[in-house]
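I opened this structure to learn how it is put together. These are my notes, in the order I looked things up.

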Amino acid sequence: MVKICEGTAKFAKDPFGNYVVQHMLQHGRKEDKKRIIAIIQARILEFTQHKCSSNVVDKCFEVATIGEHALALEEERASLTRIVLGEEGDENPPIKSMMFDRFGSHILQHMLEHSRGPEREELISRLKQEEPRLKSSAAGRRLVNSLSGA
């Protein structure tokens, strides 16, 4: 288990290894989930824009919201969301790149599903601010459609 957690950055981008990391997130111990989420947080933009690792990022949000250890992972979910949204005054937060990326926009759609309270409101607000630009790309249009149901 420890070796898998240590190899998360490598495995997450692998066409087969990403399934191992997702399995760990779904069925692993709470400590392992926290460790994997911390690794993903450290390189969030890189992982959101890669086909295989974007599935791992999705799984991080899912297990931290509705999984077996969701209550124990609330802070991790909130932290992941804050990292995606960026710090106040950040002119180029990860969300801006993710909106127009086919894998990143998919994660933002899942974040809309899995976010709660003020995090959700902030996410919706940021996406609505960019709505005119979002309509100019296929990935952005899918996000706009998700917003209409939010």
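**Overall fold.** I began with the order of elements. From the N terminus on, the protein reads α-α-α-α-α-α-α-α-α-α-α-α. My tally is 12 helices and 0 strands. I keep in mind that this is a predicted model.

I looked up the radius of gyration next. It is 15 Å, close to the 15 Å that the globule rule gives for 150 residues, so the protein is as compact as a globular protein of that length. Along the principal axes, the C-alpha atoms fill a box of roughly 45 × 30 × 30 Å.

**Surface and contacts.** What share of the 150 residues counts as buried? I found 49%. The protein exposes about 7,700 Å², and carbon and sulfur atoms supply 51% of that area. Residues 24 or more positions apart account for 61% of them.

I followed up on residues 90-125. The chain there is 78% helix and 0% strand. The end C-alpha atoms of this stretch are 16 Å apart.

**Nonpolar core.** The largest nonpolar core has 34 residues. Those with the most contacts inside it are Leu-25, Ile-40, Val-84, Ile-95, Leu-108, Leu-123 and Leu-127. Which helix gives the most to this core? I found helix α6, residues 51-66, with 6 residues. I also picked out Ile-95. Setting aside neighbours within four places in sequence, Ile-95 is in contact with Val-84, Leu-85, Leu-108, Leu-123, Arg-126 and Leu-127.

**Helix α3.** I went through residues 17-27, which form helix α3. Its buried residues are Gly-17, Asn-18, Val-21, Gln-22, Met-24 and Leu-25. Why do I put them on the same side of α3? They cover an arc of only 155 degrees around the axis, so they share that side. On the other side of α3, I noted that Tyr-19 and His-27 are exposed.

**Asn-55.** My last stop was Asn-55, which lies in helix α6. Asn-55 has a relative accessible area of 32%. Buried means under 20% and exposed means over 50%, so I log Asn-55 as partly exposed. Which residues does Asn-55 touch, not counting those up to four places away in sequence? I found Asn-18 and Gln-22. Both are on my list of buried residues of α3. Asn-55 and Asn-18 are 37 residues apart along the chain, yet their C-alpha atoms are separated by 7.5 Å.

Notes:
Residues numbered from 1 in each chain as written. Predicted model: local features only at pLDDT ≥ 70, side-chain atom pairs only at ≥ 80, totals over all residues. Heavy atoms only, no water. Helix = DSSP H or I, 4+ residues; strand = E, 2+ residues; numbered from the N terminus. Core = buried A, V, L, I, M, F, W, Y, C linked by side-chain atoms within 4.5 Å. Buried < 20%, exposed > 50% of the residue type's maximum accessible area, 1.4 Å probe, protein only. Contact = heavy atoms within 4.5 Å. Rg over C-alpha atoms; globule rule 2.2 N^0.38 Å. Areas by Shrake-Rupley, 256 points an atom, 1.4 Å probe, with all protein chains shown as cover. Arc of directions from axis to C-beta.
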